[in-house]
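The sequence and structure are shown first.

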Amino acid sequence: MQVNEKGISMTVKEKAEFIIRDIKKETGTSPVRIFKRMAKKEYVSIHGPEHHVLDGASLLVAYKNAGGDIDLDKALETIMAEGLRMPGAMCGLWGVCGAIASLGAALAIIDGTGPLTTDGSWGEHMKFTSGAASELGKINGPRCCKRDALLSFKNAIAYVNEHYEVTLEMENEKCEFSDLNAQCIKERCPFYE
């Protein structure tokens with residue numbers, strides 16, 4: 001259990017604030033490497049809605065580090081706000097993975113996409129999220145925030161490298177967290193090692 005400086009269980013908002021504070025220090029153009037380093041922080045649970053902030057923030061930082069033209073502080077504020085609107089357990093209760101939604105939100109931030117956007121980015125983001133969700137559906141549950149993030153990053157890196165004038169690194173996506181996950185599906189997971 002993660003506790004704050006007062007010894008009280010940390011809220012998701014507190015965890016998100018730590019994520020945003022610390023992720024600004026990350027270098028490199030691999031969102032997976034950034035994610036893995038950040039996911040090992042003491043305030044990030046093996047599963048939890050803080051991933052709805054962490055995943056998109058990892059993509060945004062890697063994008064900026066690769067030369068992407070965004071105001072990183074504003075982008076991270078926005079991904080935190082969007083991620084905090086996503087409830088925990090939405091994968092099982094809503095049928096939509098928070099990792100995918102977080103990365104979709106990051107793409108919307110990069111492109112400035114909104115519900116009335118007609119420049120094509122609205123549809124392209126839908127294609128990204130539906131493709132990633134389809135892959136997760138083939139694996140099946142139970143949920144794993146690390147597996148879902150790694151699969152989502154695989155799709156997001158390909159999307160960014162195809163659609164923008166930056167190149168994100170494709171990192172070894174093998175899982176480093178399976179021994180912490182009591183519900184790990186082991187060999188059924190494409191990232192299990």
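## The second largest pocket

The second largest pocket has a volume of about 280 Å³. A pocket here is an open set of points on a 1 Å grid over the protein atoms alone, with protein on both sides within 12 Å along at least five of seven lines, whereas a cavity is a set of points where a 1.4 Å probe fits but cannot get out; lining residues have an atom within 4 Å of a point. Grid points are joined across faces, edges and corners, and a volume is the space filled by probe spheres set on the points. The model is predicted: local features need pLDDT of at least 70 and side-chain atom pairs count only at pLDDT 80 or more, while totals for chains, interfaces and linings use all residues. Residues are numbered from 1 along each chain as its sequence is written, and side-chain values use heavy atoms, with hydrogens and water left out.

Of the 17 residues that line the second largest pocket, C91, G95, V96, C97 and L136 are the closest to its centre. At least two lining residues come from each of α5, α6, α7 and α8, and α7 supplies the largest share, four residues. Helices (H or I, at least four residues) are DSSP runs, numbered from the N terminus. The lining of the second largest pocket comprises eight nonpolar, six polar and three charged residues. In this classification Ala, Val, Leu, Ile, Met, Phe, Trp, Tyr, Cys and Pro count as nonpolar, Asp, Glu, Lys and Arg as charged, and the others, Gly among them, as polar.

## The largest pocket

The largest pocket has a volume of about 600 Å³. Its lining has 20 residues, of which E82, A101, G104, A105 and A108 are the closest to the centre. The elements α4, α5, α6 and α7 each give two or more residues to this lining, and α6 gives the most, with five residues. By class, the lining of the largest pocket has eleven nonpolar, seven polar and two charged residues.

## The cavity and R147

One cavity of 30 Å³ or more is found in a search of the whole structure. The largest cavity has a volume of about 80 Å³. Its lining is formed by C144, K146, R147, C175, F177, S178, N181, C184, I185, C189 and Y192, and consists by class of seven nonpolar, two polar and two charged residues.

R147, one of the lining residues, is placed in helix α8 (residues 145-163). R147 is buried, with a relative accessible area of 6%; buried means under 20% relative accessible area, exposed over 50%, and partly exposed in between (1.4 Å probe, protein chains only). Beyond its neighbours within four places in sequence, R147 is in contact (heavy atoms within 4.5 Å) with I139, N140, G141, P142, I185, C189 and F191. Two of these partners, G141 and P142, are joined by a cis peptide bond with omega near 5°. P142 is found in the loop between α7 (121-139) and α8.

## Cysteines

A disulfide is counted where a pair of cysteine sulfur atoms lies within 2.5 Å, and by this rule the count is zero.

## The nonpolar core

A nonpolar core is a set of buried Ala, Val, Leu, Ile, Met, Phe, Trp, Tyr and Cys residues joined through side-chain atoms within 4.5 Å. The largest such core has 54 residues, and L59, L60 and L76 touch the most other members. Two or more residues of this core are given by each of α1 (12-23), α2 (31-39), α3 (51-65), α4, α6 (98-111), α7 and α8. Apart from its neighbours within four places in sequence, L76 is in contact with I20, I23, K24, A57, L60 and V61.

## Positive phi angles

A89, although not a glycine, has a positive phi of about 65°. A89 lies in the loop between α4 (72-85) and α5 (90-94) and is partly exposed, with a relative accessible area of 46%.

K186 is also a residue other than glycine with a positive phi, near 50°. K186 lies in the segment after α8 and is partly exposed, with a relative accessible area of 37%.
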